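Me: I am new to this structure. Please walk me through how to read a few of its features.

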Amino acid sequence: MNREDFPLLKEEIIYFDNSATSLKPKCVIDKMADYYTNYPANAHRGDYDLSYKVDQEYEETRELVKKFINAKYLEEIVFTSGTTESLNMIVNGFFEPLLEAGDEVLLTTSEHASNILPWFRLANKKGIKLNYIPLDNNYYVTIDNLKKVITPQTKVISIAGITNVIGDIRPVKEICKLAHENNVFVVLDGAQMVPHCKVDVKDLDVDFLAFSAHKMCGPTGVGVLYGKKELLEHLEPTLLGGGMNESFDNPSEIYLKELPTRLEAGTRNISGVIGFGEAIKYLEKIGMDNIHKREHDLRKYLIDKLLLLKHIDIINIESDSGIVTFNVSNIFSQDVAYYLNKYNICVRAGNHCAKILKSSVGVNNTVRVSIYFYNTYEEIDNLVELLSDYDKIVKEMI
Amino acid sequence: MNTEESRQIIMENYLNPQNRNHPHDGYQEVNTRNVSCIDNINLYIKWNNNKIEDITFEGEACAVSISSTSIMIKNLIGKTKEEALEYIHEFYKMTNGKTFNKEMLQDACCYEEISKQGNRKVCANLPLKGMEKAILEKLK
Ligand SMILES: Cc1ncc(COP(=O)(O)O)c(C=O)c1O
């Protein structure tokens with residue numbers, strides 16, 4: 001699907017590491033080159049045409065993001081450097097001032113480091129308690145299990161919509177409903193969800209959402225922090241500086257701008273934001289539902305084929321996203337990745353930044369294939385054929 | 001050493017590595033891992049004054065790291081700290097594509113070619129980095 005839009009796909013390469021980052025279509029690359037070539041001015045600064053165009057393009061992306069995730073207000077969309085920065089801002093700028101010793105935060109063991117470490121630090125700093133929602137046999141989060149661990153002390157649930165190792169799609173809407181009935185905030189790490197299916201923040205009713213442009217055909221170094229306006233108003237800027245202040249005379253007289261500018265200190269990644277806008281238009285044109293369906297079909301095709309191979313142990317047979325995680329018996333995951341690399345197939349080996357997951361799954365390292373809409377059935381055939389010959393893997397892994 | 005010979009040495013040492021076990025008391029312990037990949041190895045070294053009397057290891061790692069650990073263990077037992085450091089530096093020269101002392105490295109020459117592929121240099125160097133750390137600690 002849409003392969004002709006991606007310059008790299010003209011090469012002999014099979015790219016199955018889309019959870020790490022996606023490929024970039026030519027329209028996004030061109031849009032960024034256009035900024036650097038034709039109007040490379042700063043935003044919100046100059047009173048001249050070039051700079052005005054920058055403002056327009058930059059703010060157009062904000063409009064596009066707002067529509068894309070169906071936010072209520074434009075001020076709810078803050079540009080950051082990515083999911084990691086967004087999550088750190090949420091934890092340090094909103095929850096650190098709010099939470100008190102003894103308050104509880106619910107996470108899961110399959111979270112990405114970016115949704116664990118900021119909470120670990122806060123736990124050390126303020127004595128809040130971290131608890132994990134137990135995962136079921138498929139490593140899923142269920143509402144029943146969530147009910148078991150919500151207590152009167154629970155203040156926050158911070159989880160990924162789709163995890164980057166198991167690829168399970170969490171029942172976010174039900175989680176938010178239960179959370180809000182118990183006066184609990186929900187932080188959604190959307191890094192793997194927003195690129196792959198429709199995410200409607202109003203419908204889901206999440207309080208905060210974080211995601212990255214680079215996993216959805218956009219550039220690196222750009223992401224979004226979404227927060228409900230009434231909450232975002234209380235998020236203290238972790239960065240202070242140019243662009244975000246109204247006026248200042250001395251330490252007791254600092255006046256900051258309104259949202260969202262208040263949370264965007266310094267010169268932003270302007271080309272990135274503008275390129276991101278183009279990526280959103282591109283995805284919208286294909287349609288998020290089509291993207292989701294395509295990945296679902298490709299995944300099923302891959303799983304059905306892998307199930308026939310006795311020496312392949314699939315970790316997440318039951319899962320609905322484009323992520324397939326497995327091991328080849330008695331072969332270290334990295335050796336499998338090196339073997340496939342010899343045939344220009346890019347897959348990831350390792351623990352995928354979910355270092356505490358091993359306690360639940362019992363394996364440290366896996367091979368991960370992550371699919372996006374531009375992958376094809378032929379590419380999967382190629383992959384499966386290479387994986388089907390155990391002796392060949394052993395022979396060629398070094 | 002040709003590719004097939006190298007491959008054989010690596011596979012032999014990967015499938016039946018030297019001294020993969022937890023040691024008795026009296027061993028120096030050092031962990032070695034690298035940021036870009038997932039190999040994670042513990043080395044245990046028994047010293048007799050300045051001499052390496054024994055080395056064992058435990059851990060999870062790829063074929064290149066495991067075999068490299070095994071070969072290093074075979075080659076370093078009996079050496080002094082200074083001799084071991086010299087060996088380690090020759091090994092780094094090899095994996096950096098420089099001229100090196102083939103006689104000193106013996107079997108370990110099998111990584112000359114493979115260390116040119118992607119990240120494999122890091123895997124081959126991994127146990128030597130750990131050993132170097134252990135020796136430098138002792139020399140302090
Ligand atoms: C679930 C999840 N959360 C957070 C992140 C971090 O995203 P970024 O590196 O773009 O900040 C990732 C990226 O791999 C992820 O998969």
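Reply: Start with charges and rings. A charge sits over a ring if NZ of Lys or CZ of Arg is within 6 Å of the ring centre and within 35 degrees of the ring normal. Here, Lys198(A) lies over the face of Phe68(A), 5.6 Å from the ring centre. Lys81(B) has its charged end over the ring of Trp47(B), 5.2 Å from the centre. This is a predicted model: local features need pLDDT of at least 70, side-chain atom pairs count only at pLDDT 80 or more, and totals for chains, interfaces and linings use all residues. Residues are numbered from 1 along each chain as its sequence is written, chains are lettered from A and ligands numbered from 1 in the order in which they are written, and side-chain values use heavy atoms, without hydrogens and water.

Me: How is a pair of aromatic rings described?

Reply: By the distance of the centres and the angle of the planes. Rings of Phe, Tyr and Trp (its six-membered ring) pair if their centres lie within 6.5 Å; planes under 30 degrees apart are stacked, over 60 edge-to-face, the rest tilted. Over all chains, the structure holds 20 aromatic pairs. Tyr301(A) and Tyr377(A) are edge-to-face, with 4.9 Å between centres and 90 degrees between planes.

Me: Are Phe91(B) and Tyr111(B) stacked, edge-to-face or tilted?

Reply: Phe91(B) and Tyr111(B) are tilted: 6.0 Å centre to centre, 55 degrees between the planes. Both are buried (under 20% relative accessible area; exposed is over 50%, partly exposed in between; 1.4 Å probe, protein chains only).

Me: Which rings form a cluster?

Reply: Ring pairs join Phe6(A), Tyr282(A), Tyr372(A), Phe373(A) and Tyr374(A).
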